[in-house]
Amino acid sequence: MNQNDVTIYGLSDSDVVSAVAKAMEVLSADGAKALDYSADGKGWSDLTGNDNLAALSLWEAVIRLPAEQHLALMWKVLRDNPRMGEATLDDLTCFVAHHITDGNKFGREGLRYWVRHWARRDGSSREAAMLYGQAHVSHQRYYRERVCPCLDGWFVAAKGALESLVAQLYQNFLEAA
């Protein structure tokens, strides 16, 4: 865990992402398990009755987020989900394209490549240059100066809005144990 990943509540980005994935799992009526797609499968309890209340309160907070924050958070949660992840990626890419200067500099697919990279950390500027043209340095600057700050800002805002609730849910679980 790097020091930028911790806040006053002591929760990392992955703690918040895992809590949202757990809430999705608990509330899923069709048996689909969001936890299957989360990085490490952390949750705040063992699917007891209290989980439903905790999951519902967290999910209500998630859906009240502004659209761009909601999408940035959900892309982190669903980045490995083959069913829902791609749709979230497409929507988030559209938001980024309209928010940053030169959003379609490398075409919509070029931007989608960097939005995918933001959550998954796959690919490289050299590969992007080969696929979408221009020099790899142009792709590096585009990602570092435009795409990444935009997405980081939205994710940090979402995390900040949820962090106290997630910390409270973890504390309640620790006290009950």
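Predicted model: local features only at pLDDT ≥ 70, side-chain atom pairs only at ≥ 80, totals over all residues.
Q: What describes a pair of aromatic rings?

A: A pair of aromatic rings is described by the distance of the centres and the angle of the planes. The count for this model comes to five aromatic pairs. One of them is formed by Y113 and Y132, with 5.8 Å centre to centre and 65 degrees between the planes. Planes over 60 degrees apart count as edge-to-face, and the pair of Y113 and Y132 is edge-to-face.

Q: Which parts of the chain does the pair of Y113 and Y132 link?

A: This pair links distant parts of the chain. Y113 belongs to helix α5 (residues 107-120), while Y132 belongs to helix α6 (residues 125-132), and the two are 19 residues apart. Both tyrosines also belong to one aromatic cluster, together with W114 and Y143.

Q: How do I read the pair of W118 and F155?

A: Use the distance and the angle once more. W118 and F155 have 6.2 Å between their centres and 70 degrees between their planes, an edge-to-face pair. Here, too, distant parts of the chain are linked: W118 is in helix α5 and F155 is in helix α7 (residues 136-176), 37 residues apart. Both W118 and F155 are buried.

Q: Which charged end sits over the ring of W118?

A: For this feature, look from the charged end to the ring centre. The charged end of K76 sits over the ring of W118, at 4.6 Å from its centre. K76 also lies over the face of F155, where the distance to the ring centre is 5.1 Å.

Q: Where are the residues with a positive phi, R121 and Q134?

A: Look at the loops. R121, which is not a glycine, has a positive phi of about 60 degrees, and R121 is found in the loop between α5 and α6. Q134, also a residue other than glycine, has a phi near 70 degrees, and its place is in the loop between α6 and α7.

Q: How far apart are S138 and A128?

A: Sequence and space each give an answer. S138 and A128 are 10 residues apart in sequence, and their C-alpha atoms are 9.8 Å apart in space. S138 lies in helix α7 and is partly exposed, with a relative accessible area of 24%.

Terms used
Residues numbered from 1 in each chain as written. Heavy atoms only, no water. Phe/Tyr/Trp six-rings, centres within 6.5 Å; stacked < 30°, edge-to-face > 60°. Helix = DSSP H or I, 4+ residues; strand = E, 2+ residues; numbered from the N terminus. Buried < 20%, exposed > 50% of the residue type's maximum accessible area, 1.4 Å probe, protein only. Lys NZ or Arg CZ within 6 Å of the ring centre and 35° of its normal.
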